[in-house]
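The sequence and structure are shown first.

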Number of protein chains: 2
Amino acid sequence: MRDVVIAGIGSTPFGRHPEATIESLAIWAAAEALSDAGIERDRIGALYVGNFISGPLNGKEVLAGLVADQLGLPNIPCTKVEGACASGGIAFRHAWMSIASGMCDAALVVGVETMSHAPTSQTTSALNCAMDNENDGPSGLTFPGLFGLSWRVHAERYGTTREQVSAVVRKNKSYGLRNPLAQMGATLTNEQIAASPNICDPLQLYDCCPTSDGAAAVVLVAKSASAELKNTLVDVLATVQTRGSARISGHPDLCSFEATVQAAHLAYQHACVSPADIDVVELHDCFSIAEIIDSEDLGLVPRGLGAVWAAEGRTSIGGDVAINTSGGLLSKGHPVGATGVGQVFEIVRQLRGQHPNQVDEARIGMTHNLGGTGVACTVSILRRSDA
Amino acid sequence: MRDVVIAGIGSTPFGRHPEATIESLAIWAAAEALSDAGIERDRIGALYVGNFISGPLNGKEVLAGLVADQLGLPNIPCTKVEGACASGGIAFRHAWMSIASGMCDAALVVGVETMSHAPTSQTTSALNCAMDNENDGPSGLTFPGLFGLSWRVHAERYGTTREQVSAVVRKNKSYGLRNPLAQMGATLTNEQIAASPNICDPLQLYDCCPTSDGAAAVVLVAKSASAELKNTLVDVLATVQTRGSARISGHPDLCSFEATVQAAHLAYQHACVSPADIDVVELHDCFSIAEIIDSEDLGLVPRGLGAVWAAEGRTSIGGDVAINTSGGLLSKGHPVGATGVGQVFEIVRQLRGQHPNQVDEARIGMTHNLGGTGVACTVSILRRSDA
């Protein structure tokens, strides 16, 4: 397989874009990434679009063709991929694959979703398309239900407290405050978090990511074809896609996602790095407790200490590993199909030294995108090319 | 890129499966393909699922994970791809790509759709997800509208008659009659066709494919890893994916789809064969006139003579090139996401000499899958390995 670099990135703000069509958000981000890369449209050899629920919420499919047409891309293979909340990460991996395999020298990946225009009941139904409704539907468990259970198990097993989990919320909301692309941000106290409305005990309002619109895009190029590009390039050291059980009852442990564990293991192996080498991470904090579990599953924090490390500031900027400096899904927002590509966007900004919440001397970064009840996962490891 | 062979195929009957979930149809076809290949599930390194509108019609996404889970596949990359009516062909190409690139040695592709359970108005809305509704919606053109226009242009330019187009209908309905997996079949007269209800002038009922449920699956293996497999293997000589305009107004000619022309051109080039080498073809006859246009776009029939050749029997078994011996979309049915994989299933049966409408000494076959208003296209060329 050939070496691949990231040459350009683009993103809309994540948040509410009530006037925008889903195509227009995708094109906004894509045009920015192409311009950032300084690459002509006719050099792009493949387009991948990550999207989850444009069909149910917008009555629009075949998004890859729509976006390519309106962007003026050549008559190249244009593919939408879907894997629930991991759609963006899967799209990124396929754009990488199309270059690494030698199918083309440059590829564009766009992740996009619009959700905020739909009534909450419709959005909730659409999000539940990511569950195994035949098997898990009868139990009545939704995603907050699953992560509420995970929290309870974590608390019972490791003594995790509301205050420790609130440290994740406070961190991510404060980073969101300083990220102009984030949907929201706040300086919160433990008391404010503990007083927020109950969603699904023990999850409260601030523990849950918002409903978001947005798009992010990345241009990837074969390293061998990148000589004349002007940007600080970022190497894709590894990008791995795995799956876990689609059923909640299929998970041997509610406090761990095997798809994450396996993806991280393979990614470290492919990249020839260890968890200690990772300077900055964007991981899938759809709920506050998810960040704690993910940090353990990724091997960044010892098993059972995710909450302790968060409370001690060891997952903040200046700590052992900086997690979700964008604000994460909790604060930056979670336009589902865009999230995985948005994570790459954020890590590239860190590795270029251009992040609003910059980590000093960030050299190696990681992204982690998790879909459904852990049924789909991608982990990527990126390195500043001149590092 | 490595050589790839088709080692196993499976398919449900296409038609109406009101009691079946979409997962169960996918698993039916997939289990059959795995068994046909004689390959253990733990050898499969990637799963691709082609599906178009399970979200809007079933409230189910993340189908690749659901299917892998219930099939008992390993924790491999499982990806749903979507490109409207070309979703199946795109999934097939990605399964090929995952092996050709060296990512894995064996891959499973499943195409699946269920549509017949939904009210017609809901199905029509869902199918319209494949159009550029922002640009073409205001014109009121649906897919029958587009293909009705195509017919009118073809008739004006080349003198194509109702009777010539009926030759396509009669051929495909008669092949469907002898294909046990086909949704329908009939021995029809020109008079019966001409007396059928008007759908979108000049399209009449028999000119239109039905609403269908169904699934098809194919197991692909690296040629270098296929030594011990028992089946007659089929080489994938080429599999190409292109795009055309997403807008009807973006097509320079309503009598030709540039995505097809380009995909065919590249496929012949990659496979090192010419149109005259193709013995049997499954092409995208969503409407009778589409078969005529496709046969010209694929270079199988001289431009403008598609209707004449059909009427003269030159596209029937025993003619110059046998087209849609399965019955095609018109008669076998069109469970959208399944169609492209079902076409491969049919060509493999021909190349193995096991087809209910067998073409004598079929050695090289072609599949052609077209999405939306020609926005996505795949063309594959397959050859009996021992030919």
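## Strands across the interface

In this predicted model, strand 3 of chain A and strand 3 (residues 78–82) of chain B run antiparallel and are joined by three bridges. Strands here are DSSP runs (E, at least two residues) and helices are DSSP runs (H or I, at least four residues), numbered from the N terminus; two strands pair if DSSP finds at least two bridges between them. K80(A) has E82(B) as its bridge partner in strand 3 of chain B, and V81(A) stands opposite V81(B) in that strand.

Residues are numbered from 1 along each chain as its sequence is written, chains are lettered from A and ligands numbered from 1 in the order in which they are written. Local features need pLDDT of at least 70 and side-chain atom pairs count only at pLDDT 80 or more, while totals for chains, interfaces and linings use all residues; side-chain values use heavy atoms, with hydrogens and water left out.

Strand 3 (residues 78–82) of chain A is mostly covered, with five of its five residues buried (under 20% relative accessible area, 1.4 Å probe, protein chains only). C78(A), K80(A) and E82(A) point one way from the strand, and T79(A) and V81(A) point the other way. In a regular strand, side chains alternate between the two faces of the sheet.

| Pair | Bridges | Residues opposite each other |
|---|---|---|
| Strands 2 and 3, chain A | four | L47(A) and C78(A) |
| Strands 2 and 4, chain B | five | V49(B) and V110(B) |

Strand 2 (residues 46–50) of chain B is largely enclosed by the rest of the structure because five of its five residues are buried. From this strand, A46(B), Y48(B) and G50(B) point one way, whereas L47(B) and V49(B) point the other way.

The contact (heavy atoms within 4.5 Å) takes 53 residues from chain A and 54 residues from chain B. Between them the chains bury about 4200 Å², 53% of it on carbon and sulfur atoms; this is the accessible area (1.4 Å probe) lost on putting the two together, summed over both.

There are six salt bridges between chain B and chain A, each a side-chain nitrogen of Lys or Arg within 4 Å of a carboxyl oxygen of Asp or Glu. R243(A) forms one with D69(B), where the closest N and O atoms are 3.6 Å apart. On the side of chain B that touches chain A, the elements giving two or more residues are helix 2 (54–58), helix 3 (63–71), strand 3, helix 4 (87–100), strand 8 (234–242) and helix 9 (258–271).

Note on methods. Buried < 20%, exposed > 50% of the residue type's maximum accessible area, 1.4 Å probe, protein only.
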